[in-house]
Amino acid sequence: MERVYDVIVVGGGIAGVSAAVAASRLGAGVLLVEKGMSFGGVLTGSLVNPMMTFHSHRRQVIGGIGQEIVERLIRERGSHGHLEDPIGFVKSITPFDPEKMKSVLIDLLREAKVDYLFNSLVGRVWVKNGFLQRIETVNANELRTFIGRAFIDATGEGNLSIKAGARYINGDGDRASCQPMTLVMRIGGIDRDEIISFINKHESDFVLGERRDFFYLAVAGFFSFMPLLRNYRVNFRRDRLLFFEIPFHPGEVFMNTTRYAGFGGSAVELTAAQSDGNIDAWKFMDFLKSEVPGFANASLIQTGCSIGVRETTHVTGEYMMKVDDLLGQKEFVDKIAIGSYPVDLHVPESGELKTMKIPFPGEYSVPLRALFPLGLENVVLAGRALSAEHLAFSALRTSPLASATGMAAGICAALSKGSHFRVRDVPIKNIQNEISRMGGIL
Ligand SMILES: Cc1cc2nc3c(=O)[nH]c(=O)nc-3n(C[C@H](O)[C@H](O)[C@H](O)COP(=O)(O)OP(=O)(O)OC[C@H]3O[C@@H](n4cnc5c(N)ncnc54)[C@H](O)[C@@H]3O)c2cc1C
């Protein structure tokens with residue numbers, strides 16, 4: 001007998017977990033399926049850190065389940081909470097221990113009584129008259145099917161909707177335009193004092209914000225050292241080192257510096273990038289240990305289980321967000337979340353950054369329509385899978401906003417029970433009221 005759920009969420013990143021918890025808290029029977037062996041998506045599987053940003057330049061803009069996750073992390077000694085960004089790129093950053101993140105997300109799901117499955121890749125799907133009806137999960141030799149009334153696509157790449165027939169584009173219309181992939185490295189044994197002393201003597205070699213007490217070490221710079229990287233014959237180019245301390249792990253940092261061009265939606269290109277990353281990690285360690293102050297005794301602890309994929313496909317939504325919506329701070333009547341992260345485009349080949357700040361106060365809204373894939377009646381997009389064009393996506397993809405759109409998607413899917421699971425027919429006011437009731441900020 002196939003199990004029937006009110007809401008099936010595919011993808012257990014921060015968006016999928018937020019969606020599943022929100023839907024379940026509203027009384028829906030919820031199943032969450034994840035192809036990996038932990039929740040958190042790239043935040044745990046690819047070592048992406050810190051979360052940024054929960055704040056605009058004048059206030060906190062992300063609350064709700066995202067904020068609840070942070071508070072639980074603080075209680076579990078997995079985070080110091082929101083900190084002023086030492087690099088000055090955004091208002092606040094929220095570093096965390098990814099192992100603590102894994103257990104906190106499981107606690108949340110268990111308390112909310114969400115059914116969940118790991119190691120379950122959604123392969124085949126069945127659609128009738130625009131309604132997604134059934135999904136099949138694959139785990140080794142085990143194939144299981146589940147019937148859902150409403151579905152949430154929190155796969156990051158929108159692959160549930162695409163399998164169900166939704167239209168999409170790659171990058172800005174060309175696979176090669178997708179932002180590069182990064183293999184994040186966890187490195188131990190760094191000499192914090194030596195790094196701080198070097199920064200204080202060579203400020204122009206770094207991007208620095210206003211806070212200079214080094215309570216928390218986040219570094220973008222060592223620009224003058226980067227030309228030496230060529231001598232270590234790595235397969236990537238980069239103009240700076242970018243690394244962040246790991247809370248409660250003295251001497252350890254997440255190094256977010258490698259960059260690999262390629263299309264993460266292709267197994268061949270993904271394999272090539274991951275392989276280059278694993279080989280380069282050791283050469284890069286040689287570079288750090290030999291050339292960079294504070295790294296002489298450093299050692300590589302771990303690389304992300306999966307290389308971090310920033311961008312692949314964008315589902316065509318009922319509304320596809322554009323960069324002018326962000327820069328012009330368009331106020332959508334059907335807004336379901338507020339974001340503040342700036343446009344942040346990593347150039348695939350050169351390793352440079354192209355950024356655009358959002359004018360003060362640095363807030364933009366996300367409309368509910370950006371969560372509806374065209375042509376599907378009972379599917380809601382969440383997190384990185386939301387519908388956005390390439391440039392807008394470079395801002396909208398980050399994790400706090402992913403949790404906020406995830407929570408909104410969960411609310412919408414749960415409330416759609418009252419409209420025969422036609423997610424577009426749920427009154428926006430009801431969704432907004434629930435968002436506020438759950439601590440979301442609009
Ligand atoms: C290298 C890199 C650096 C970044 N830096 C930052 C940063 O500093 N700060 C920040 O806030 N954000 C950063 N981001 C962006 C941000 O972390 C992610 O975009 C965000 O966390 C996305 O969350 P999500 O839940 O939407 O998707 P994901 O975390 O991608 O989760 C999607 C989940 O769906 C699962 N899945 C996919 N397809 C299927 C399927 N068919 N069946 C079952 N499961 C499936 C995946 O296994 C995954 O667990 C970065 C991203 C990358 C890649």
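Mentor: Helices here are DSSP runs of H or I with at least four residues, strands are DSSP runs of E with at least two, and both are numbered from the N terminus. The model is predicted, so local features need pLDDT of at least 70 and side-chain atom pairs count only at pLDDT 80 or more, while totals for chains, interfaces and linings use all residues. Residues are numbered from 1 along each chain as its sequence is written, and side-chain values use heavy atoms, with hydrogens and water left out.

Trainee: Where is P50 found?

Mentor: P50 lies in the loop between α2 and α3 (64–75). L47 and T53 are placed in that loop as well.

Trainee: What joins N49 and P50?

Mentor: A cis peptide bond, with omega about -10°. M52 and T53 are also joined by a cis peptide bond, with omega about 0°.

Trainee: What is the phi of L47?

Mentor: It is near 60°, which is positive, and L47 is not glycine. Most residues other than glycine have a negative phi, and most peptide bonds are trans.

Trainee: Which residues come nearest to the ligand?

Mentor: A residue counts as near if one of its heavy atoms lies within 4 Å of the molecule or strand. There are 35 residues around the ligand, and E34, P50, R384, R397 and S399 come nearest.

Trainee: What lies 2.7 Å from a nitrogen atom of the ligand?

Mentor: A polar backbone atom of P50. A polar contact is a pair of N or O atoms within 3.5 Å; within protein, one must be able to donate a hydrogen and the other to accept it, and residues adjacent in sequence count only if both atoms are side-chain atoms. For R384, a polar backbone atom is 2.8 Å from an oxygen atom of the ligand. For I14, a backbone N or O atom is 3.2 Å from a ligand oxygen atom.

Trainee: Which element supplies the largest share of the shell around the ligand?

Mentor: α10, with 3 residues. α1 (14–25), α2 (42–45), β6 (121–128) and α10 (399–415) each supply at least two.

Trainee: Why are α10 and α11 called oblique to each other?

Mentor: Their axes, lines fitted to C-alpha atoms over the stretch in contact, are compared by angles from 0 to 180 degrees between N-to-C directions. The axes of α10 and α11 (residues 428–437) come within 10 Å and cross at roughly 130°. Under 35 degrees is roughly parallel, over 145 roughly antiparallel, 65 to 115 roughly perpendicular, and the rest oblique. Therefore α10 and α11 are oblique to each other.
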